[in-house]
Amino acid sequence: MERLIGLVLAIGAEAKRQGAEPLPDERHLFDLDHWRRRHRDAVADRIGGQNGGTAQRPVHSDREPCVVGPLDLPRPLASWQPERLGVHAAIADPLRTAATDFVLPTYIARRHDHELRGLLKDAASGADPVLLVLSGYSCAGKTRTAYEAVLACLADWALAYPKDADSLNRLLAANALGPRTVLWLNEAQELLGGNGGEAAAAALRRRLEQPGPLVVIATLWPGHRNELTDRPTGVQDRHPQARALLAAARVITVPAVFDGSALGRLHETDDGSLAVAARTALDGSITQTLAGGPALVQRYEQADGAQDCYGKAVVTAAMDARRLGHASPLSFALLEAAAPGYLTDSQRAAAPADWFETALAFARTRVKDVAAALGDVARDHGMGARSGVSRLADYLDHYARTARRECFPPSSFWHAVEHHSATAADLYGLACAAKNRGRLRLAAALLRRAADGGHGPAWETIVTMMAYRGLTEEPETLARSILRSGDPEPMLALAWTLNEVGDPDESERLIREAATTGRASALTSLAVVLDHGPEAETALTEAVALGDPAAPYLLAELRRKAGHLAEFERLLWLGASAGDRDAKGELVTLKCRVDEWGEAELLARSFAESGDGFELAMMAMERYRDGNRFEAERLAWTVVELADRDVLGAAERHWPGGVFAAVMLLMGLYGDDEVDAESVLYRLAESRNPQTWAVAGWHQEARNPSQAEALHRRAADRGDLYAQERLAMMERHRNTAHAERTHRALVDAGGGVGPLAALWEDEGRAKEAEQASCYGLEIDGSIADPWLF
């Protein structure tokens, strides 16, 4: 009853704010349907009298006003259509004479489906709320998986689908999520990672502490999940509430490809859509094919005609913006300004007056009535699309990250993003991409704009770049000016940079100054430089109380040295639950030391779901040292198999320690037997993860250079940056004519200017090497002249 009263009062307050008539009497006080009708009618009347059809109210924000719409109240699951929940339409059955607008093929259940449905069945019969996260890459089938599981296990429940953080906050404030309700958080990063996301995460944590049954089911790309759950090093923690929320989630990985058994079941159905997908998706990417991915790519690649070339230029600009860090929807102004640099002189000269309208028409044409290269962006509230912006198709985004990995965009692109990026966070992402590609002057300009726009991490990067340049007074003056506003992160970034270049005394001085803010990250940093003693313990105790995820492990080490073993283990669990890598590894080691190998493996496997299997690899090493070769090999292969599940995201990470340790152990186990070593190498090469190939190639560089080069090239072709760096090094050692070209391709792929400068140093071009290291490259790849921040 209290929940219902709270809901009525919240709806009444919302209706009053939207201009509804006051309550005439108390007859309908507990008639929820009546209140819903009154609220919707009032909002409709309000909207009908305003330009643009959207009511706005002021909020306390330094960014943009929040548009208020009706509450996204729960309604019976049966009333929800899959397309309304974000399920992608699939390619149509070619045997059907009349395809509907939305095609939903027969569903083929896989291993993760059985895991998810088991959890939902337990939740349906339990008394406590549960949070489930489906993690997978674009078009892997996360939303369809969730929809089919909820339909199979919770068909008589209600479902609420808030479209943004504000809607979620108001839904939770109204206490509208009663028992037997599914809270649907599709693309959860949109709700938890932006404006209002931290408040929504905190409110949802409170709701999950109340009695159930309630199921919260969210979908996230691994990269987005890592952004929300990883504790950034040397920068301010931006997502503590989201991190704590997701730490309590049960994560189910949705593989990007179908395995052998699932592929076999495709042929057991008479669904024409699945039959087409089975014939064309030779790598097992059934869901991507169903969504029309290959057709999108083919249409894009063949768009070289007199009219289509303008559309291709616009789509290419969108691809580059997305892969280089512009996460927000792309404005038409940005795309129009960027496109000329992707065209030849003759194409620009022949452009008709309406070239951009023609280009947009090409890019927004739906392929196979499923997806367009540039799609509409839904309004934040209500129905319809936002005007003036588009979103790149997810499959083209993934395609571009490999196909265009060595392509550095033209000047028109950078001018466009500098003046038309949607947010300061987008500018920061683009600045980091430019910095990783050696364009330091460009990066500094974008960072300044991002920092002036209120993006805190941009100041940290600027200060770090200044310090690496060898400047002293300028970065400290800048960091101190920001410290006065209560943000210690730029000062900490400067301190750790100085510590890295060999000035620990100056580093400690700056960290002590930053710690005067009382912020958790500064207190933890102070404890690190102090190493031990009462002052370090006091700082860590305060940092733990403030929720810094790195502090529990450091404090646990102090407790262990003092002999407080129970407190040591408690703090390790606290740090591990917050996602701290050191705490996780120490917990697994602790279990191994007392011969609790089964429990240690369970822990390590659970950690591997959000990492790279490092703890499992360390267990394999321990088993090998104990003389248990069989267990060592089994655990090492387990790491390789886990890495295969994350094959699409693997190229985005530089060097997961777990893959390295596991592959090196496997190669070392059979190093004395040439036949067995070749067998292991063959099995590693048959894996799907390019990082596995890169590690195996590294191991073979001295023994079999040609085989190593083949493995590196195969991994580099899939976007693995380390493999590309090893190829560049091999070319440098051979002094081939192609060495500089290979190094320049590495720079443009994001490997930094360092390897190229080192090549020039080896060739006796010391002045060029020093200037490139200090000032970077220009947009066209030439060495930049000296410049000031």
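Author: Helices here are DSSP runs of H or I with at least four residues and strands are runs of E with at least two, both numbered from the N terminus. The model is predicted, so local features need pLDDT of at least 70 and side-chain atom pairs count only at pLDDT 80 or more, whereas totals for chains, interfaces and linings use all residues. Residues are numbered from 1 along each chain as its sequence is written, and side-chain values use heavy atoms, with hydrogens and water left out.

The part to look at closely is a pair of helices. Two packed helices are described by the angle between their axes and the distance between the axes. The axes of α24 (residues 489–500) and α25 (residues 504–515) come within 8 Å and cross at roughly 165°; such axes are lines fitted to C-alpha atoms over the stretch in contact, and the angle runs from 0 to 180 degrees between N-to-C directions. The two helices α24 and α25 are therefore roughly antiparallel, a label for angles over 145 degrees. Their crossing is left-handed, meaning that the near helix is turned anticlockwise from the far one by less than a right angle.

On the α24 side, the residues that meet α25 are M491, L492, L494, A495, W496, L498 and N499, where contact means heavy atoms within 4.5 Å. From α25, the partners are P504, E506, S507, L510, I511, E513 and A514. The residues of this contact divide into 10 nonpolar, two polar and two charged; Ala, Val, Leu, Ile, Met, Phe, Trp, Tyr, Cys and Pro count as nonpolar, Asp, Glu, Lys and Arg as charged, and the others, Gly among them, as polar.

Most residues other than glycine have a negative phi. D531 is partly exposed, with a relative accessible area of 48%; the term covers values between buried, under 20%, and exposed, over 50%, with a 1.4 Å probe and protein chains only. N175, in the loop between α5 (165–173) and β6 (181–185), also has a positive phi, of about 55°, although it is not a glycine.

Technical notes
Parallel < 35°, antiparallel > 145°, perpendicular 65-115°, else oblique.
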